[in-house]
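Here are my notes on the model, as numbered points.

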Amino acid sequence: MPAKRLLRSRDKRFRILFQEHPQPMWILDSDGQHLEVNAAACNLYGYSAAEFATLSVGDLQSPDDARRFLAELQNPVRPAASEWRHRAKDGRWIEVEIALHSIQFGGESAELAVLMDISGRRQLEDQLRQSQKMEALGLLTGGEQPQRFHFLRLDRKSTRLNSSHLVIS
């Protein structure tokens with residue numbers, strides 16, 4: 001009986017660490033089917049745990065990305081983390097970085113996927129590239145600044161700056 005109690009205790013600790021962890025996580029089988037997801041993953045994607053159980057990773061990605069992900073999932077030699085675009089339940093695209101780790105789950109081989117939402121970081125990188133292009137344009141025009149600038153803000157609204165006024169749309 002002590003062995004059963006020890007197993008229950010380990011399972012309970014795992015569930016607490018997994019379910020309550022602030023980083024979104026999945027446990028996947030070798031076909032990319034969700035065996036388990038934590039609350040943070042449900043919050044990020046908008047699906048309940050029961051809905052995730054009916055989805056594979058391929059349901060969240062484009063067909064090409066799904067094939068690439070399954071190949072990576074089944075390859076024992078893979079990058080520490082890779083970036084993917086997923087569609088959330090509400091239809092918005094999110095960009096995530098996924099680190100996969102082989103584990104045993106319920107006596108079977110599985111993959112622990114630890115996800116990081118990098119959508120905000122991507123938007124900031126795009127804005128920085130746009131700013132650098134505008135700076136280069138200013139240098140190319142001999143220091144003369146263009147009369148109109150367009151910026152994409154984090155709230156996805158467009159800001160247009162003319163030489164005389166600011167317009168937010």
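1. Helices (H or I, at least four residues) and strands (E, at least two) are taken here as DSSP runs, numbered from the N terminus. On that basis the chain has 5 helices and 8 strands. Read from the N terminus, the order of elements is α-β-β-α-α-α-β-β-β-α-β-β-β.

2. This is a predicted model, in which local features need pLDDT of at least 70 and side-chain atom pairs count only at pLDDT 80 or more, while totals for chains, interfaces and linings use all residues. Residues are numbered from 1 along each chain as its sequence is written, and side-chain values use heavy atoms, with hydrogens and water left out.

3. The accessible surface of the chain is about 11,000 Å², and 57% of that belongs to carbon and sulfur atoms (Shrake-Rupley method, 1.4 Å probe; for residues, only the protein chains shown count as cover). Of the 169 residues, 31% count as buried, where buried means under 20% relative accessible area, exposed over 50%, and partly exposed in between (1.4 Å probe, protein chains only). With contact taken as heavy atoms within 4.5 Å, 36% of the contacts between residues at least 6 apart in sequence join residues at least 24 apart.

4. Strands are called paired if DSSP finds at least two bridges between them. Strand 1 runs antiparallel to strand 5, with 4 bridges joining them; Val114 is the bridge partner of Met25 there. Strand 1 also pairs with strand 2 (residues 34-37), again in the antiparallel sense, over 3 bridges, and Ile27 stands opposite Glu36. The hairpin of strand 1 and strand 2 has 5 residues between the strands, and Gly32 in this hairpin takes a positive phi near 85°.

5. Which way do the side chains of strand 1 point? Met25 and Ile27 point one way and Trp26 and Leu28 the other, and all are buried.

6. The structure holds 5 aromatic pairs. Rings of Phe, Tyr and Trp (its six-membered ring) pair if their centres lie within 6.5 Å; planes under 30 degrees apart count as stacked, over 60 as edge-to-face and the rest as tilted. The Trp26 and Phe52 rings have centres 6.3 Å apart and planes at 55°, so this pair is tilted. Because Trp26 lies in strand 1 (residues 25-28) and Phe52 in helix 3 (residues 49-53), the pair ties together parts that are 26 residues apart in sequence. Trp26 has a relative accessible area of 0%, and Phe52 likewise has 0%.

7. Phe52 also pairs with Tyr47, edge-to-face, at 5.5 Å centre to centre and 65° between the planes. Tyr47 is buried, at 16% relative accessible area. One aromatic cluster is formed by Trp26, Tyr45, Tyr47 and Phe52.

8. A nonpolar core is a set of buried Ala, Val, Leu, Ile, Met, Phe, Trp, Tyr and Cys residues joined through side-chain atoms within 4.5 Å. The largest has 21 residues, and those with the most contacts inside it are Trp26, Tyr45, Phe52, Phe69, Val96 and Ile98. At least two residues of this core come from each of strand 1, helix 2 (39-45), helix 4 (63-74), strand 4 (93-105) and strand 5 (108-117). A second, separate core of 6 residues includes Phe18, Met25, Phe105 and Ala110.

9. Leaving aside neighbours within four places in sequence, Val96 is in contact with several residues, among them Leu44, Tyr45, Trp84, Leu115 and Ile118.
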